Amino acid sequence: MFRVLDADSPISKEDFLQFEEILGKKLPKTMLGFYLQHNGGQPQVRGVHDDRHLFPFNSFNSLEEMKKSLTWFDDEVVPEGFKGADLLHFAYDPGSGNYALSLREEDYGKVYFYVLEEKAELYGQWPSFEDFLNSFVEE
């Protein structure tokens, strides 16, 4: 597993469970494990890849930032076919790219990378948060 710098103060399992209550959804166990170990922060990596491309990566959001992000993204700034409430934004790249976990029933737990330019365009996807974590390219 990669090193993570500049993480926020550690969270408890109770903090994470309260966040799930706010969402009204259970999040993947791998996400719980990651956030108990690293509450956000910058991994020391070159990027993250799906099955076709290597993408830039900057930082994971802390649990508090994820809570705040629930009101940051409306339906006009997410990819076509999604509503703002369909995605849990948990990380971002150095530009205008976002990494988000799907909360939709039909693809729940899938991770998407999209960039907001003129409109939001999907560029990458991973079957799960665990697959996403396992696809980092270390420095």
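Two strands are taken to pair if DSSP finds at least two bridges between them. Helices (H or I, at least four residues) and strands (E, at least two) are DSSP runs, numbered from the N terminus. This is a predicted model, where local features need pLDDT of at least 70 and side-chain atom pairs count only at pLDDT 80 or more, while totals for chains, interfaces and linings use all residues. Residues are numbered from 1 along each chain as its sequence is written, and side-chain values use heavy atoms, with hydrogens and water left out.

On to the overall layout. The protein has four helices and ten strands, and a walk along the sequence gives the pattern β-α-α-β-β-β-β-α-β-β-β-β-α-β. The radius of gyration is 14 Å, close to the 14 Å that the globule rule gives for 139 residues, so the protein is as compact as a globular protein of that length. That radius is taken over C-alpha atoms, and the rule itself is 2.2 Å times the number of residues to the power 0.38. Along the principal axes, the C-alpha atoms fill a box of roughly 40 × 35 × 25 Å.

Next comes the question of cover. Of the 139 residues, 47% count as buried (under 20% relative accessible area, with exposed meaning over 50% and partly exposed in between, for a 1.4 Å probe and protein chains only). The accessible surface comes to about 7600 Å², and carbon and sulfur atoms own 46% of that; the areas come from the Shrake-Rupley method with a 1.4 Å probe, and for residues only the protein chains shown count as cover. Taking contact to mean heavy atoms within 4.5 Å, 55% of the contacts between residues at least 6 apart in sequence join residues at least 24 apart.

Now for the sheets. Strands of a sheet pair through backbone hydrogen bonds, either parallel or antiparallel. Here, five strands make an open sheet in the order β5-β6-β7-β8-β9, with antiparallel pairing. β5 (59-60) and β9 (120-126) sit at the edges with a single partner strand each, so one side of each has no neighbour in the sheet. β5 meets β6 (residues 87-92) over two antiparallel bridges, and Ser-59 stands opposite Tyr-92 in β6.

β8 (residues 111-116) is mostly covered, as five of its six residues are buried. Six bridges tie β8 to β9, again antiparallel, and Phe-113 has Gly-124 in β9 as its bridge partner. β8 and β9 form a hairpin, with three residues between them.

There is also an open sheet of three strands, ordered β4-β3-β10 and paired antiparallel. β4 and β10 stand at its edges, each with a single partner strand, so one side of each is left without a neighbour in the sheet. β3 (residues 45-49) pairs with β10 (residues 136-138) over three antiparallel bridges. In β10, Val-45 is partnered by Glu-138 and Val-48 by Phe-136. On the β4 side, β3 pairs with β4 (residues 54-55) over two antiparallel bridges, where His-49 has Leu-54 as its bridge partner. A hairpin of four residues leads from β3 to β4.
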